[in-house]
Amino acid sequence: MKFKKLSLEQKNRYYGLYFILPWFLGFLFLFMVPLISSFRYSLSNLQVSNEGFSLEFIGLANFREALFSHESYVRMLTESVLNIVVNTPLIIIFSLFFAVILNQKFHGRVLARAIFFLPVILASGIIASIENGDLMQSVVRNANDMTGGGLSVMKNLDLTIMLLESGMSPILVEYLTGAVSRIYEIVSQSGVQILIFLAGLQSISPSLYEAAKIEGSTGYEAFWKITFPMLSPLILTNLVYTIVDSFIRDQTSRLVVDTAFKSFNFGLSAAMSWIYFAIIALILWVTTAIVSRKVFYQN
């Protein structure tokens, strides 16, 4: 019995299927049933009792309550989307910039990389719960009011005046000054992206830079003609990761959890989750459709 020899394209297609097989099996056996149950709950009024729970079908009532009656869901959802639009470009630019710097050879490079990845470790587990708690927020708020609040406002005002005098657009000035006030948030969410960009930078063949140097190109030209195109697939990867990570961190996801396990309104919580999921999926689809057109894939 002779087996048909597969072409390279067919082999790559099968390799892709093998690669996603663990995820597909995990989704099929671990997430499919909860996902279907969540959609059922979103269309029902779920009542929990000592005997278990009962479902009463109420149609789209939970969705209407989330969108038109709930006091804070729409506001938090809007703020989450706006934060994504504002912070994501800053995180991508910041992580790419520092990945290029950390890829250079200098003393203490390993320590510098560890410092930039440290916020990722601190943002997990018990430290994250302490940081997100009311106690920590009140301490930071009081400290800013007593010591740094006025100074921060003055610095932003000086920066705004300087940028406006340089002839920059007021909208761009507001965006940049807002980025300065959010620098801690940007740094704390850039650790994984920096590591991904570092891996991409180290996979670029040095012969490309050597050939460019022989041809007389500058470092600026080498970055835009070699580094940036070779990293464009990872820019798309980091873009998707940043959007998903930002949605997981924000207040809307915590509101969904609190609605279920503090208010015990599981139907409303499920409806909020599905609205949330639909918006995330739409943003990811639009972003991927736009950015993927500019991605350079090396054959």
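Helices (H or I, at least four residues) and strands (E, at least two) are DSSP runs, numbered from the N terminus. This is a predicted model, in which local features need pLDDT of at least 70 and side-chain atom pairs count only at pLDDT 80 or more, while totals for chains, interfaces and linings use all residues. Residues are numbered from 1 along each chain as its sequence is written, and side-chain values use heavy atoms, with hydrogens and water left out.

- F264 sits in the loop between α12 (251-261) and α13, and F264 is exposed (over 50% relative accessible area), with a value of 56%.
- Most residues other than glycine have a negative phi.
- F264, however, has a positive phi, near 55 degrees.

**Packing of α3 and α13**
- Helix α3 (residues 73-102) packs against helix α13 (residues 266-291) at an angle of about 20 degrees, and their axes are 12 Å apart.
- The two helices are therefore roughly parallel, a term for angles under 35 degrees.
- Their contact (heavy atoms within 4.5 Å) is made by Y73, L77 and V81 of α3 together with M272, I275, Y276, I279 and I283 of α13.
- These contact residues divide into 8 nonpolar, no polar and no charged, where Ala, Val, Leu, Ile, Met, Phe, Trp, Tyr, Cys and Pro count as nonpolar, Asp, Glu, Lys and Arg as charged, and the others, Gly among them, as polar.

- H70 is found in the loop between α2 (61-69) and α3, and H70 is buried (under 20% relative accessible area), with a value of 17%.
- Not counting residues up to four places away in sequence, H70 touches E65, L255, L268 and M272.
- A polar atom of the H70 side chain lies 3.2 Å from the backbone nitrogen of S72.

Terms used:
Axes are lines fitted to C-alpha atoms, for helices over the stretch in contact, and angles run from 0 to 180 degrees between N-to-C directions. Angles under 35 degrees count as roughly parallel, over 145 as roughly antiparallel, 65 to 115 as roughly perpendicular and the rest as oblique. Buried means under 20% relative accessible area, exposed over 50%, partly exposed in between (1.4 Å probe, protein chains only). A polar contact is a pair of N or O atoms within 3.5 Å; within protein, one must be able to donate a hydrogen and the other to accept it, and residues adjacent in sequence count only if both atoms are side-chain atoms.
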